[in-house]
Amino acid sequence: MSTLMLDAKAYQLSLQQGLLRCAHPEKGTRLLPWSGLSQIVVAKGVTLESDVLLKAAEYGVEVLLIGSRIKQLACVYPLNAPSSDFRLHQYAITNDATVKQKLATLLMLGRMQGQKKTLIKLGLTPSTTWHQQAAQLTITDNLMLTEARMTASYWHQLAILLSLFGFSHRERQPPCDPVNALVSLTSTLEDPLYAKALLGQGFDIGLGIHHSTGYYRHSLLLDIKELTRSELEYWVAGLFLSGQITVAHFNDTEQGCRLTAAGQQLFYPLWFSFCRQHKKRVHKWAIKAKRVLLQQELSDVA
């Protein structure tokens, strides 16, 4: 059983002699049997007939619709579809405190490695304080607090390079300076990339490992983003340090520091160019995350 991923605009899905007709003005037309499908992932700009959804339900095929923003997610799940073995495994993992702690620690170790690489690539040496907190990740009783302290030290060192642009510390909402504004913006823009990649692998993105599960909160997405967060931070720092983006491209508003219209015209082409490669890395991390989760054995419950 496989997943059909349609992430290009102008696709048209319809039925032809009971088969799934997948047509595109440039990519041609294919007829696909339903028996080989378990999931269809549809991006914004794809047209499909209601008969396709009904036939998908008949064959137990799940249809995911993914827009350009994190809130634009919908799932048509057949009432007669069998339970996903992978999702059942994910549900069991999230209810096993021992395994969750192990996986959360792995995520934070990945975050630590990313921070270290970013600092070194920027010509900075990780501080003693940062090393002390990083060393505590595998033995701490409060992983969230230890990671927060490690990350605060990381940002303190980045401020050495980025203070010229008004940056002194990480401030999420509202962003108080140009660097914080772009770090927050790129983090938000990355969300749909991870949503598409994780949903395509069959994850329930609402069930967190490190971030707590909450109402309307895509906790697993926040978890896996930890693995590439430093890549975005390095890219943003490079925009300022190279002069591609300057303080003049921002102004202060009631919602905090924001890109001007001229700044947006300059930034978004740079972002979409970066995304062409970044989304490939995101997809690889989603595949790896699934593989790691499947390798976990549930602990015995006394």
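A residue is called buried under 20% relative accessible area, exposed over 50%, and partly exposed in between, using a 1.4 Å probe and protein chains only. At 76% relative accessibility, Gln-17 counts as exposed. The model is predicted, so local features need pLDDT of at least 70 and side-chain atom pairs count only at pLDDT 80 or more, whereas totals for chains, interfaces and linings use all residues. Residues are numbered from 1 along each chain as its sequence is written, and side-chain values use heavy atoms, leaving out hydrogens and water.

**Backbone geometry**

- Most residues other than glycine have a negative phi, and most peptide bonds are trans.
- Ala-10 has a positive phi near 80° and is partly exposed, with a relative accessible area of 38%.
- Ala-10 lies in the loop between β1 (2-6) and β2 (12-16); helices (H or I, at least four residues) and strands (E, at least two) are DSSP runs, numbered from the N terminus.
- The peptide bond from Gln-173 to Pro-174 is cis, with omega near -10°.
- Pro-174 is placed in the loop between α5 (143-162) and α6 (178-200).

**Strand pairing**

- Two strands pair if DSSP finds at least two bridges between them.
- β2 and β3 (19-24) pair in the antiparallel sense over five bridges, and Leu-13 has Cys-22 in β3 as its bridge partner.
- The hairpin of β2 and β3 has two residues between the strands, and in this hairpin Gln-17 takes a positive phi near 55°.
- β2 also pairs with strand β6 (residues 47-48), in the parallel sense over two bridges, where Gln-12 stands opposite Thr-47.
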